[in-house]
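Reader: I want to learn to read a fold from its sheet and a single residue. Where do we start?

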Amino acid sequence: MEHNESGGTGCPAGQTYLLDNAGKEASARFAALAAIFDPGTIRHLEERGLTSGWHCLEVGGGGGSIAAWLAARVGSTGRVLVTDIDPRFLESLQVTNLEVRRHNIVNDALPEAAFDLVHSRLVLLHLPERERALARMVAALKPGGWLVDEEFDSSIDLVSSANPGEVYSKTYVAMARTMDSRGVDRRFGRRLFGRLRAHGFVDVAAEGRTFMWHSGSPGVSLLRSNYEQLRSAMIDAGYITEREFNEDLAGLDDPGFMMPSPILWTVWGRRP
Ligand SMILES: C[S@@+](CC[C@H](N)C(=O)[O-])C[C@H]1O[C@@H](n2cnc3c(N)ncnc32)[C@H](O)[C@@H]1O
């Protein structure tokens, strides 16, 4: 099921991205993603040897924090192309060595064998046509270039609590069901290692990061923005009632709230 173009859900190819950047929740989402994950992402990119003069591609750049960091790191002799299907948050990045492009990684062409590094985070898992998108990212790399892709595995979440007060709320479960019904692969992070091997990559390795999300943390801010944006979809599908949604949203502010995050898998390898 995991490698066909519909994600095995019957979801039609080209189905719109669920957490559309036009939503009023998007800026809070990007601030939270940057606060939680940028330090680890930057460490991984530095460990790949990223330095002045590299040509880099950032796919689905979202709020732009990693694209801006890449542009500073590669300096005036390097170049960064950052793409997004909706680049509204990238347009304010006014840096001479950074190009912002409205681009759909599933359907739109990219230069081939052009980049020393291709990075993406939390994009492919959302796309029913993720295999086509991954193949395009692979083809964009120079021989020897690094692919670094970071995706969630949120499938192991729904196990029993290890702490009193640790909850997977009804809204969290409803969000997972909504994503499943729209062709999101919530295990893609764990599959990535195998996918890079299948593409013939060398020096393939992977690391997972997970956090305890608690009230007042950026993790809870990420949950809130996702819950609010998917509110109607979850209620209209009958996965949750309005009352349950409101209770769970209020529960995020409970000082006792805690929930282990999904695992963010960072997987890297070089194109032979
Ligand atoms: C969950 S956000 C992650 C943003 C950023 N990579 C990060 O980790 O902070 C997913 C991003 O992918 C973009 N996106 C969704 N579908 C896309 C597609 N087919 N091609 C390019 N970008 C896409 C969205 O617009 C959004 O900015």
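Predicted model: local features only at pLDDT ≥ 70, side-chain atom pairs only at ≥ 80, totals over all residues.

Author: Start with Ala 140. Leaving aside neighbours within four places in sequence, Ala 140 is in contact with Leu 57, Leu 110, Pro 111, Glu 112, Ala 114, Phe 115 and Val 118.

Reader: Which helix holds Ala 140?

Author: Helix α3, residues 130-140.

Reader: Is Ala 140 buried or exposed?

Author: Count C-beta atoms. A residue is buried if 20 or more others lie within 10 Å of its own. Ala 140 has 23, so it is buried.

Reader: How far apart are Ala 140 and Leu 125 in space?

Author: 19 Å, C-alpha to C-alpha. In sequence, Ala 140 and Leu 125 are 15 residues apart.

Reader: Now the sheet. What is the strand order?

Author: The order is β3-β2-β1-β4-β5-β9-β6. The sheet is open, has seven strands and shows mixed pairing. Its edge strands are β3 (98-102) and β6 (202-209), each pairing on one side only. Twist averages 15° from one strand to the next.

Reader: In which sense do β1 and β4 pair?

Author: Parallel, over four bridges. β1 covers residues 55-59 and β4 covers 115-121. Leu 57 stands opposite Val 118 in β4. Both residues are among the contacts of Ala 140.

Reader: Which strands do helices α1 and α2 touch?

Author: Helix α1 (residues 26-47) packs on the sheet and touches β4, β5, β6 and β9. Its direction makes about 15° with that of β9. Helix α2 (residues 65-74) also packs on the sheet, touching β1, β2, β3 and β4. The direction of α2 makes about 170° with that of β2.

Technical notes. Residues numbered from 1 in each chain as written. Helix = DSSP H or I, 4+ residues; strand = E, 2+ residues; numbered from the N terminus. Buried ≥ 20, exposed ≤ 12 C-beta atoms within 10 Å, placed from the backbone. Contact = placed C-beta atoms within 7 Å. Pairing = 2+ DSSP bridges. Axes fitted to C-alpha atoms, helices over the stretch in contact; angles between N-to-C directions.
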